[in-house]
Amino acid sequence: MPTLLEGLNPQQLAAVTLPAQSALILAGAGSGKTRVLTTRIAWLIANGHVSPSGIFAVTFTNKAAKEMLARLTGMLPAMPRDMWIGTFHGLANRLLRTHHAAAGLPGLFQILDSSDQLSAIKRTMKALNVDTERFDPRKVQAFINQSKENGLRASQTEAWDPYQRKLTEIYAAYDEQCQREGVVDFAELLLRSHELLSRNDSLRQHYQERFRYVLIDEFQDTNRLQYRWLKLFAGPDTTLMAVGDDDQSIYAFRGAHTGNMQEFQRDFSGNHLIRLEQNYRSQGNILDAANALISRNPERLGKELWTDAGHGEPVMVFRAEDDRAEASWLCQQVRRLQDDNHRLSDIAVLYRANAQSRELEHSLFAAGIPYRVYGGLRFFERQEIKHALAYLRLLVNPDDDNSLIRVINFPARGIGARTLEQLTETALAGQVSLWQVCRQQPAGKSAERGVAAFVNLISRLREEALPLNLPECIAHILEHSGLNQFYRNETDGQDRLDNLDELVNAGRLFYQETGMNATSDQQLAEFLALASLEAGHHQANAGEDALQLMTIHAAKGLEFETVFLTGLEEGLFPSEHALSEERGIEEERRLMYVAITRARKRLYLSWAGKRMLHGRERWGIASRFLTEIPEELRSEIRPATQRSMPRATPATTPVTALRAAPTPAAPWRSGMNVKHAKFGTGVILDVAGMGNDLRVQVRFAGEHGTKWLAMAYARLEALA
DNA sequence: CTCATTAGATTTTTT
DNA sequence: ATCTAATGAG
């Protein structure tokens, strides 16, 4: 297969053609990781090492799974259906649907997304009469998910104090409630299938013998449960390949466990570690900056990227007065690039937190630069879509209380909180679903008439809509539930109507792909599972050439010719939160590493001395990450607009000299740069008291953080 | 029951 | 600044 392996470098080749031995592949940013993974699968099949049905490949996102599938289509003669390629959750779902009885689930179980889960937890807490002041439902949600991700059921969690005991009690009740209603949350998909396989020896053996080659993408992002789950598929004759980059692990905050990489070596691969260090993306200076920065992190598996592309331009650094100046500078630079015939879609603007996009958007809008913001609400998370899906879910399973509550009074039918409370009490007392209670309501008082009308509506929809095909079924429900009418009456309802239309379209697509029959419960259930597992693309409206705005997290896996990284200030990036967390700085540094390695040719870093945050003005100092990039790789940009400076200076004039003007006996004020004998340089955040009692709050660079200093004692020196 | 006002909180995010 | 969730008046 010469064409298949053509152009691979020696390390890539070694990974692709590794004999039947498990291995860990340390794949740096831009080192051709996805190519290696897909080529390996194609090579294994083409050379008869395995039949397609013996392949089990796991990714994190649907996007990655799709890309893998798409690339494989080009490499294989035919796309075999019996390869298992998908996300952790997608594959777990497949497993549970196939063996639902053995897993103790109804055949048409529904999947709760995070917000569904939260409302389910709130209901559980209400039923248990838990004080939501003392127990934040979101904390409870985090507790339950963390427990599940550690493989622990409620009965297995340790509860030392009354608080923990209460949490455990809620956890147990929540799981019972889910079981009763026939729904599972994301973590449950994994935990339940893990239990299924670990308890059922013959089933486990069957899969272990079937899947000869197991491949895992983005391994550094796996959590403990996911790794344990993977190990169940590894029999004595299974070959595993885990591909990942510990330096790009930026999801520890949601449970990613980098230690899995070390454990993988211990469990499977022994000495089989292959490093992919040749970078095909960035130019030398950018790569050197990334290498220097990440080398400050302890406990790395170790890896240094290199390239044979030239050094390229230095990393540009710009210091702005405030966030507005930063934004307008950005607009200028983008315009300049545009004038040089660069496409806007090749330029990305990255930031640490979503809130930062607002100011940037203002300026971009004013400057008439088209842009697209990634992130935010996804298609299947929109309220109108969730309402529509809730109606559909009730068709499949009327006992789904979550869905019933969502739509019983939407559009308004005169069923208020009081009525719902009564229904819930009755349901709780009889241990039945709300639907069962509703059905037995007499049509007496007005609220009861409302309930009866709702029962009629759902019953009628079931009879009328299910015989139709999927898209027609959805359309029918939108029309007859009153959802369409509701949004037609809304002043800005057009967008929502369009989205609902888009849902019918999604149904049509699914219908065409999965066999065109009248809508069966089965087909509808599968469609709904897809909707939960695949929240939908962020924003698909391509077309116009636009600047790309997104968080660094969202940029992972992407690359751009030019990257602007904004808001490089202590407290923002690295974030305030990270400073107080163990290993926090390391994760932020990896985030910086990811940001830098997104750039192919040009990298601009900017920061602002003053910034509006949460409606307050905050003073900041340059992020430590700036100085962690070696000086010889950096080039400071001087502001062009200030006090009519002679424009003769080229844009890349090195470091603006600090005018060391001797400040008069300082009237200390916020924003002032200062120097302390022990703590080094910093910036004044706040001033309080007067005379002998004068105190100032200073945020220092480096490890010292923010401190209040009594000016009667502290020797503080003002810098210009 | 519905609408309006107000207090409170705000890294990062996939499934 | 802006969003959400939880209260209180009509």
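Helix α18 (residues 417-430) gives the largest share of the surface near DNA strand B, with three residues. Here a helix is a DSSP run of H or I with at least four residues, numbered from the N terminus, and a residue is near a strand if one of its heavy atoms lies within 4 Å of it. Keep in mind that this is a predicted model, in which local features need pLDDT of at least 70 and side-chain atom pairs count only at pLDDT 80 or more, while totals for chains, interfaces and linings use all residues. Side-chain values use heavy atoms, with hydrogens and water left out.

Let's look at the rest of that surface. DNA strand B is surrounded by 30 residues, and the closest are R352, N354, G416, T551 and H577. Of the atoms of DNA strand B that come within 4 Å of the protein, 55% belong to sugar and phosphate.

Now for some polar contacts, meaning pairs of N or O atoms within 3.5 Å. R352 places a polar side-chain atom 2.4 Å from a base oxygen of DNA strand B. With N62, a backbone N or O atom lies 2.7 Å from a phosphate oxygen of DNA strand B.

What about DNA strand C? The residues around it are R358, H614 and G615, and sugar and phosphate make up 30% of its atoms that come within 4 Å of the protein. H614 has a backbone N or O atom 3.5 Å from a base nitrogen of DNA strand C.

Technical notes: Residues numbered from 1 in each chain as written. Chains lettered and ligands numbered in written order. Polar contact = N/O pair within 3.5 Å; in protein donor to acceptor, adjacent residues only side chain to side chain. Helix = DSSP H or I, 4+ residues; strand = E, 2+ residues; numbered from the N terminus.
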